[in-house]
Amino acid sequence: MGIVGVIVGSGLNRFQSADDACLVDIQNTPYGPVSGSLIQFSRGGTQVVVMARHGQEHSIAPHEINYRANLWALKSAEARVVISLATVGGIGNRYGPGVIVIPDQILDYTRNREHTFFEDHDPVTHIDFTYPYCDELRQVLIRSAGEAEIEIVAGGTYAATQGPRLETKAEINKLERDGADIVGMTGMPEAALARELGLCYACMALVVNHAAGRGQGVVTATEIETVYAHGVDRLLSMLFAAVPKAEDLAYTLPDPIRPG
Ligand code: HPA
């Protein structure tokens, strides 16, 4: 039986309250400290391990997250598949506040983050990243939304920005010209590191605000908190509908490329 890994941005308390929830303490890894203990519990017979990427107290900013340690910890807890929950800003018309998106592409604008496990590798190793998300898991998420009668947008390009500041209006215009539909700060290097570890990784993103310049005025905490409060239950219903289907998911990832 596989273990399903979940990475959440917020709302960890929803998992801590499961009857059989326990802490799995993987404080240190070869890549340094993780964001916090994993929470393990079962859901309909499926074991789930959850990592809060910003830490228990939401004190770790997107550029400070030790993505390598977090992914490594999930893999050492025997997760094979990882479902990432994220909040994002919406750029395109179809991606307004409250919409849940299962993105299928990524644009990476992050910098100075530890972004690979393949350092000092002999031979040099590359991953194919043509399709950055695990499509078998994306299909499970899309099916689960249908069964739970939750409307989603099944596709879209996630732009990962450095943060912690939000973007300027001109930057959002540029991201749109580049082909971005939604924007967040944590999607990379998380997705690429998951691929390097051979994990089947996909993302469920809740749009919590109009991206900069796309709504009325500026982006406010009130807008984000209100939309999140309305959307989080739908997001979690979808997640829990997907968990049993993700457990023994058969998937294939491209083989690593080692030239020479
Ligand atoms: N930009 C970047 N990250 C975000 C946003 C945004 O507008 N909303 C939520 N995460």
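Predicted model: local features only at pLDDT ≥ 70, side-chain atom pairs only at ≥ 80, totals over all residues.
Local features need pLDDT of at least 70, side-chain atom pairs count only at pLDDT 80 or more, totals for chains, interfaces and linings use all residues, and side-chain values use heavy atoms, with hydrogens and water left out.

Seven of its ten residues are buried, so α2 is largely enclosed by the rest of the structure. Buried here means under 20% relative accessible area, exposed means over 50%, and partly exposed is in between, using a 1.4 Å probe and protein chains only. The buried set is Tyr67, Arg68, Ala69, Asn70, Leu71, Ala73 and Leu74. Just past the helix, Glu78 takes a positive phi of about 75°.

Of its 41 residues, Leu38, Leu71, Leu74 and Ile182 touch the most other members. Elements giving two or more residues to this core include α2, β1 (3-8), β6 (46-52) and α5 (187-196). Leaving aside residues up to four places away in sequence, Leu74 touches Gly5, Ile7, Leu38, Val49, Met51, Ala79 and Val82, where contact means heavy atoms within 4.5 Å. Apart from this core lies another, of 36 residues, among them Val4, Ile83, Leu206 and Leu235.

Now for Arg14, which sits in helix α1 (residues 13-16). At 39% relative accessibility, Arg14 counts as partly exposed. Its contacts, not counting residues up to four places away in sequence, are Val232, Asp233 and Leu236. Arg14 and Leu236 are 222 residues apart along the chain, yet their C-alpha atoms are separated by 9.0 Å.

A pocket is an open set of points on a 1 Å grid over the protein atoms alone, where a 1.4 Å probe fits, with protein on both sides within 12 Å along at least five of seven lines; lining residues have an atom within 4 Å of a point. The largest pocket is lined by 33 residues, with His58, Thr87, Val88, Val208 and Ile224 nearest its centre. The largest share of that lining, seven residues, comes from α6, which spans 221-247. As for the second largest pocket, its lining includes Tyr109, Arg111, Glu167 and Lys174.

Methods. Residues numbered from 1 in each chain as written. Helix = DSSP H or I, 4+ residues; strand = E, 2+ residues; numbered from the N terminus. Core = buried A, V, L, I, M, F, W, Y, C linked by side-chain atoms within 4.5 Å.
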